[in-house]
Amino acid sequence: MRLRFPILFLAILPVQGPARAGPVASPLPVIPAVQGHYLMGCGGCHGIQGRSGREVVPDLAGQVGYFLCTPEGRDYLVRLPNVAFANLSSADLARMMNFVVFTFGGASVPANSRPYTTAEIAALRADPLRTADLHGYRDQIVRAVTRACPAAAALHGYDVAQAAREGQYTGAGPAR
Amino acid sequence: MPVSFLDTLGEAVTRRLAARSSRRGMLGRMGAAMAVAPAFPLLPVRRADAAPAPTPNPAATLTDFERRAQSTDPTKCTYWRHCAIDGVLCGCCGGGVHTCPPGTEPSPVSWIGTCRNPDDGRSYVIAYRDCCGRNICAAPKSCGCNTADREMPIYRPQASNDIIWCFGTASTAYHCSTAAIIGQAG
């Protein structure tokens, strides 16, 4: 008789306690660190899944692997200023580049391509591209890559669109 | 003078209490109540803060924004997803926290950062995408925000909100900014 009251409370307690205390489980996917580095440093423009969908920014998905068709193309990806100067250690940058090239690149990666190593990344980022005509240099790299891997011809889409934009701007402004 | 009803009732209750309860019994109940009481949570008080923190982010390391952040009104600068937004909130302009108002299109490029949700203490990856194609939205002053958690100077453009991200759209006119969640930071 005397105990009825406390027992009633104890019966309620387990139901009410954890329901209030526990944070609601998040249904959102947890993004691994390597993908997080990609998103923070590159994904805003190159797309969350490596698809920028436009000719303003080169697509990575299904394309970026073609650059490994030539040694210069392989180096080019890391010597790009925003890659070389990334706010990451060379080990993290190597992991991120391998994620970008092998995961996003998919079928575009040539057979038997080896992943980037930390030492290779460290050496390449010490020699960033210094040319002002970055588009011209890219065009040169893409031509060589396409000669080595004809399937890479789609990479030219960006260069053609870029050249058209440059043409427009040159036409509108003073002669350069 | 007739005895009032309340007096009669009071006397009856007091007598019944005196007849039915013993002082030792009362002491026993009070003792039991005192012994058992700490086992119960303080029910009217929100206990979420007593739960173990899901991520090691003690209050001391929170930014000023994170200390003031709220999760109820996305049309305010203090809404947690707006921890690094520079511009007018699209929620004040006929759009939403991740949708563009009619007559504008989202920029294909954006910059991406992380914000802490005060409800669960976790960090989330947020894409700050501008809506373009109309002149800047004429919203109340309180909808114009400039926060800067984990933002970088403009020489790291991929993490700068000082840039108008209306590239690759039909029009480069800036209208407002959105803050879409991509996922939970690992």
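The largest nonpolar core holds 64 residues, of which F67(A), M97(A), V100(A), V145(A) and I126(B) touch the most other members. Such a core is a set of buried Ala, Val, Leu, Ile, Met, Phe, Trp, Tyr and Cys residues joined through C-beta atoms within 7 Å. Two or more residues each come from α2 (33-46), α3 (71-79), α5 (90-104), α6 (118-125) and α7 (134-148) of chain A, and from β3 (111-116), β4 and β6 of chain B. Helices (H or I, at least four residues) and strands (E, at least two) are DSSP runs, numbered from the N terminus.

The model is predicted: local features need pLDDT of at least 70 and side-chain atom pairs count only at pLDDT 80 or more, whereas totals for chains, interfaces and linings use all residues. Residues are numbered from 1 along each chain as its sequence is written, and chains are lettered from A and ligands numbered from 1 in the order in which they are written.

Within chain A, M97(A) is in contact (C-beta atoms, placed from the backbone, within 7 Å) with L77(A), V78(A), Y116(A) and I121(A), leaving aside neighbours within four places in sequence. Y76(A) lies in helix α3 of chain A and counts as buried because it has 21 C-beta neighbours inside 10 Å. The burial classes rest on other C-beta atoms within 10 Å of a residue's own, all placed from the backbone: 20 or more for buried, 12 or fewer for exposed, and partly exposed in between. With the same exclusion of neighbours within four places, Y76(A) contacts F67(A) and I141(A).

Strand β6 (residues 174-185) of chain B pairs with strands from both chains. Strand β1 (residues 30-31) of chain A runs parallel to β6(B), joined by 2 bridges, while β4 (residues 123-132) of chain B runs antiparallel to β6(B) through 9 bridges. Pairing requires at least two DSSP bridges between the strands. Q184(B) is the bridge partner of V30(A) and also of Y124(B).

An unreviewed UniProt entry places a "binding site" at D86(B), N161(B), D162(B) and I163(B); such annotations may be inferred rather than shown by experiment, with feature names shortened and positions in the numbering used here. These residues span 78 residues in sequence, yet no two of their C-alpha atoms are more than 9.0 Å apart, so they gather at one spot. N161(B), in the loop between β5 (144-146) and β6 of chain B, is buried, with 22 C-beta neighbours inside 10 Å. D162(B) is in the loop between β5 and β6 of chain B and is partly exposed, with 13 such neighbours.

Conventions: Two residues are in contact if their C-beta atoms, placed from the backbone, lie within 7 Å.
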